[in-house]
Amino acid sequence: MIRIAIFASGSGSNAENIAVYFRNREDIGVSVIVSNKRDAYVHERARKLGIPSYTFSKAEFDEGSAVLDTLHEYKTDFIVLAGFLLKVSQPLLDAYPGRIVNIHPALLPKYGGKGMYGDRVHREVLAAGETKSGITIHYVNERYDEGDIIFQTTCDLQPGDTPEEVAGKVHALEYTHFPRVIEAVVTGQTSLNPLSSA
Ligand code: GRF
């Protein structure tokens, strides 16, 4: 059994979608959800899914040991960031080398970096007059949004699209692709080669 820990700071719709995708599987599963926000809606989703969830402070994420104790308690093999807003600290990177992936709601390397999350990303994409946006699934390293890209795919933008409409298109891509890309990564079916490119 390959056990995945999901890190999420907010609503957790991706976390839920991933957990549902792997539900009832004997080879891969989501064993724990970890957040830096006690009131994040992801905890409610976890409760309904019957998956344990925990909150740690930024200081605990930075120092690492309490988070790692929990990851080890649930025999975590892989970490998936799904709307997780803190930078992953060195102790966690060292404990899970090449085994942490993130999803970014735009086509990196553009529209990434510190502070580029949620609707801010979509607003910047629209302000730049882009005709496409999309998703980027990438390995996590010590710099925001700069790890090696595993997978990208695009959606078309229309003149007059609002940030909310872009978010809807991007979420649809995330729900379709993130679970199967995670499956490919954790089972060693993809390394650094994009499954498809934007
Ligand atoms: C997603 O768009 C993800 O790409 C970004 O944050 C959003 C999280 O949404 N990193 P949710 O919490 O999964 O609903």
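Predicted model: local features only at pLDDT ≥ 70, side-chain atom pairs only at ≥ 80, totals over all residues.
1. Basis. Local features need pLDDT of at least 70 and side-chain atom pairs pLDDT 80 or more, while totals for chains, interfaces and linings use all residues. Numbering runs from 1 along each chain as its sequence is written, and side-chain values use heavy atoms, without hydrogens or water.

2. Shell. Ser11, Gly12, Ser13, Asn14, Gly83, Ile103, Pro105, His171 and Glu174 surround the ligand (a heavy atom within 4 Å). Two of these shell residues are nonpolar, six polar and one charged; Gly counts as polar.

3. Polar contacts (N or O pairs within 3.5 Å). A polar side-chain atom of Ser13 is 2.5 Å from a ligand oxygen. For a backbone N or O atom of Gly12, the distance to a ligand oxygen is 2.8 Å. A side-chain N or O atom of His171 stands 3.3 Å from an oxygen of the ligand. The protein buries 85% of the 360 Å² that the ligand exposes when taken alone (Shrake-Rupley, 1.4 Å probe).

4. Placement. Domain 1 (1-97) and domain 2 (102-198) both contribute to the shell, so the ligand lies between them. The domain bounds come from an automatic or database assignment. Elements giving two or more shell residues are α1 (13-22) and α7 (163-186) (DSSP runs; helices H or I, at least four residues, strands E, at least two).

5. Backbone points. The Leu108 to Pro109 peptide bond is cis, with omega near 15°. Pro109 sits in the loop between β5 (100-104) and α6 (119-127). Asn24 is not a glycine, yet has a positive phi of about 70°. Its loop joins α1 and β2 (28-35).

How values were computed:
Polar contact = N/O pair within 3.5 Å; in protein donor to acceptor, adjacent residues only side chain to side chain.
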